[in-house]
Amino acid sequence: MEIIFGRNKKEHLEPVRARVTGKIPAWLQGTLLRNGPGMHTVGETRYNHWFDGLALLHSFTIRDGEVYYRSKYLRSDTYTANIEANRIVVSEFGTMAYPDPCKNIFSKAFSYLSHTIPDFTDNCLINIMRCGEDFYATTETNYIRKINPQTLETLEKVDYRKYVAVNLATSHPHYDAAGNVLNVGTSIVDKGKTKYVIFKIPATVPGGRKEGRSPLKDAEVFCSIAARSLLSPSYYHSFGVTENYVVFLEQPFKLDILKMATAYIRGVSWASCLAFHGEDKTHIHIIDRRTRKPVLTKYHTDPMVVFHHVNAYEEDGCLLFDVIAYEDGSLYQLFYLANLNKDFKENSRLTSVPTLKRFVLPLHVDKNAEVGSNLINLSSTTARALKEKDGQVYCQPELLYEGLELPRINYAHNGKPYRYVFAAGVQWSPIPTKIIKYDILTKSSLKWGEEHCWPAEPLFVPTPGAKDEDDGIILSAIVSTDPQKSPFLLVLDARTFTELARASVDVEMHLDIHGLFIPDAGWDLGKQAPSREAPARDMQTEKSPPTSSSSNNGETRGLCSSGSFQE
């Protein structure tokens, strides 16, 4: 694991040509742009948590069957300050740092007030966001950094607070067909209130690029929801949207504002201010996109922690949404570097397996329905919604599959009925070992995996002009812990999960988190679909039974030799 988590990675400013084996589809022209932590030590100092590492952007440019790799550290203010000091001087979520190396109580007290609501880091290491014609590296603070997606050059620093009143914001925005951006942030004790703010950034603005006007200047608050606790707002990493609604989970994984306000002077990290409250409910907020107001019905479910929403849509008067859920907040603890680099198997064993769950909410509750009755009558799911005495609705999910994370879909189906989830497979540890295609309709799955290979989030790219949901390819950057095997970009046929090609690069590649694919301008919709002739590599297919707290012991496995799901 030291290869993945223990070494600072070198940047490659000039393109490195990859060795391509197999055949990349001729229509695939563009750049896969990814983001993640690449540097965990500065001088003699070391970050405590993997998610604290300095952001390293990397890209795979695909043109005419060839692939070129490059990487570059995000030149954030955080990066610059740390490198100039040759030690960590800017705090991250899991690592508290002090500009004064003496760390005496007077320097702490002197800086106390400026850290009450801290000026967070601009180390934007989580994702890449598209905003109009611009691209930004993002994290979960109020800062984003504009980048050049071709050269990976770092451009201006943007503070969300100049446009909307948020101290924190997700790295998983949504995009509509016009390219408008919808995102959620938390406004901490703004005018005596703590609230969740849904805001919208238009894809284009009058004047636009000609006048140098950023769409961010026309950002607007779409809706706001008061936090149930003024001083303990919920942590969240993503949210869901349908054609008419926004789905936001206020979960009992909470940030203690008072503890955060004193973290600097107490010498503890902000991560220590985050706690899971298993005695509380998870509250499900539904916002009507037409009225920009929350739906009056109160929905809730059992305590859980969700980092990633998969998709949501409406059907027969119900709202369905799928998430990857945990029973507690222990996942974050597993990514402390002490757990990842020493006794990895023991320290990083999952105590709560990530489970794909489907929730179904009735959008209109029958006032005459009996208390305790199930308000859901869809034949496609076993999820239930029970009416309670006070008119609230308790939601019981359908458990679809255990052991997957970093879900992606064909984004053309975002907010609409869909069938396939593409995700990273995890077993006893939080680090992916396989890539999974899960069929929600048949409850079956396909897998790709190879020994000593650690895949990043799989990203779906549709074939131009595709009609089927899974007509396209899967791209994933694969880190190798085999010294005889270089890391590579994997290209899978998304329908059959057979390997079409891999592009190996002689670099020490870092494990990334999220990113996107940027097609070249002039995308030719007339080019051919991907070849389906490449042989499978360690491919497995399985039928998954309804999950429980135990593992999927009833699965059947076999080699995949065709495009169909085997029973």
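## A buried histidine

Let's start with H172, which counts as buried at 15% relative accessibility (buried means under 20% relative accessible area, exposed over 50%, partly exposed in between, with a 1.4 Å probe and protein chains only). This is a predicted model, where local features need pLDDT of at least 70, side-chain atom pairs count only at pLDDT 80 or more, and totals for chains, interfaces and linings use all residues. Residues are numbered from 1 along each chain as its sequence is written, and side-chain values use heavy atoms, with hydrogens and water left out.

You can find H172 in the loop between β12 (168-169) and β13 (174-175); strands are DSSP runs (E) of at least two residues, numbered from the N terminus. Leaving aside residues up to four places away in sequence, H172 touches N127, N183, H237, S238, F239, H308 and H514, where contact means heavy atoms within 4.5 Å.

The unreviewed UniProt entry places a "binding site" feature at H172, H237, H308 and H514. These residues span 343 residues in sequence, yet no two of their C-alpha atoms are more than 12.4 Å apart, so they gather at one spot. Such UniProt annotations may be inferred rather than shown by experiment, their feature names are shortened, and positions follow the numbering used here.

## A closer look at H237

Now follow the chain to H237, in the loop between β16 (220-226) and β17 (240-241). H237 is buried too, with a relative accessible area of 8%. Beyond residues up to four places away in sequence, its contacts include I126, E140, H172, H308 and H514.

Methods
Helix = DSSP H or I, 4+ residues; strand = E, 2+ residues; numbered from the N terminus.
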